[in-house]
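Dear colleague,

Please find below the structure that I was asked to pass on to you. My notes on what was found in it follow directly after it.

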Amino acid sequence: MKKKQMAPRGWQENANGYEITKSPQFIMNMLSSLKKNRRFIILLHKGYQSGNVAIIALDAKNIDVDCPPDWPGNYHKIKVLFRDDSNVWNYFNTQIISENQDTLKLFFPTELFRMQRRAHFRVQIPGECKAEFICQGEKNTNLRVEDLSVGGMKVCMTDAVSSGNIKDAEPVVDILIRFSGGENIDGEQKTIAVSEGFVARSLIMADNQKCLGIKFNLQGTEEKELSQFVRKSELAELRRGM
């Protein structure tokens, strides 16, 4: 006799780097906790982002949420975003069933996604972003930034001007990260400076280019400035593909 396939429980790895659950009970527990503890959600649709709104009611089919004061009223599909008890971003895609001046009625989601659980969210850099730093007394420039977090960054040395002899655990100082165009969320060129860090690891990639993982030792206002950029980038990443 063929065994009945059980519905997936908890989180499972997703090919896009997220974790996913399709368990209705698990999703219900998460959303019920948001409602009970008055944890806010955010509604996203391409160029639109709501302020904080609350879940009013929910059952196995529908979710009622506060209608944002600036709700444009012309969206059918939206993304709902929130932070869980671990301060990690979660989201689900849904459709609007009906709306009035006070309430939006949404379909209960069939899938819930959770972003990276690492200590620092890592932002993928979609375009041109360069870094430079001093290591072993030598200035290394034109390093291509692959990803960035409050904790550090990954840089690759294609077209870099470098001594090429950088090893693990080497200290680096006078780090500059330059964004332009689409990489800066505000659409303007931006430079972020970090006083010091060290080489956490060095990698030789499949195409033989050398890449470095740089760990930051943030000081003063450096953490605040970098955190603000990463938070904006988190939301921008969630909007992509909507």
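Ala57 stands opposite Asp64, a residue of strand β6. This model is predicted, and the description that follows should be read with that in mind. The strands concerned are β5, which covers residues 55-58, and β6, which covers residues 62-66; they pair in the antiparallel sense over three bridges. The link from β5 to β6 is a hairpin of three residues.

Is Asp147 buried or exposed? Its relative accessible area is 7%. Residues count as buried when this value is under 20%, and therefore Asp147 is classed as buried. Which residues does Asp147 touch, leaving aside its neighbours within four places in sequence? Its contacts are Arg122, Val123, Gln124 and Ile125, together with Met153 and Lys154.

Turning to the protein as a whole, its secondary structure consists of 17 strands and two helices. The protein has 242 residues, and 43% of them are buried. Among contacts with a separation of 6 or more, 57% are between residues 24 or more positions apart. The accessible surface amounts to about 13,500 Å², and carbon and sulfur atoms contribute 46% of that area.

Yours sincerely,
A colleague

How values were computed: Residues are numbered from 1 along each chain as its sequence is written. This is a predicted model: local features need pLDDT of at least 70, side-chain atom pairs count only at pLDDT 80 or more; totals for chains, interfaces and linings use all residues. Side-chain values use heavy atoms; hydrogens and water are left out. Helices (H or I, at least four residues) and strands (E, at least two) are DSSP runs, numbered from the N terminus. Buried means under 20% relative accessible area, exposed over 50%, partly exposed in between (1.4 Å probe, protein chains only). Contact means heavy atoms within 4.5 Å. Accessible areas come from the Shrake-Rupley method with a 1.4 Å probe; for residues, only the protein chains shown count as cover. Two strands pair if DSSP finds at least two bridges between them.
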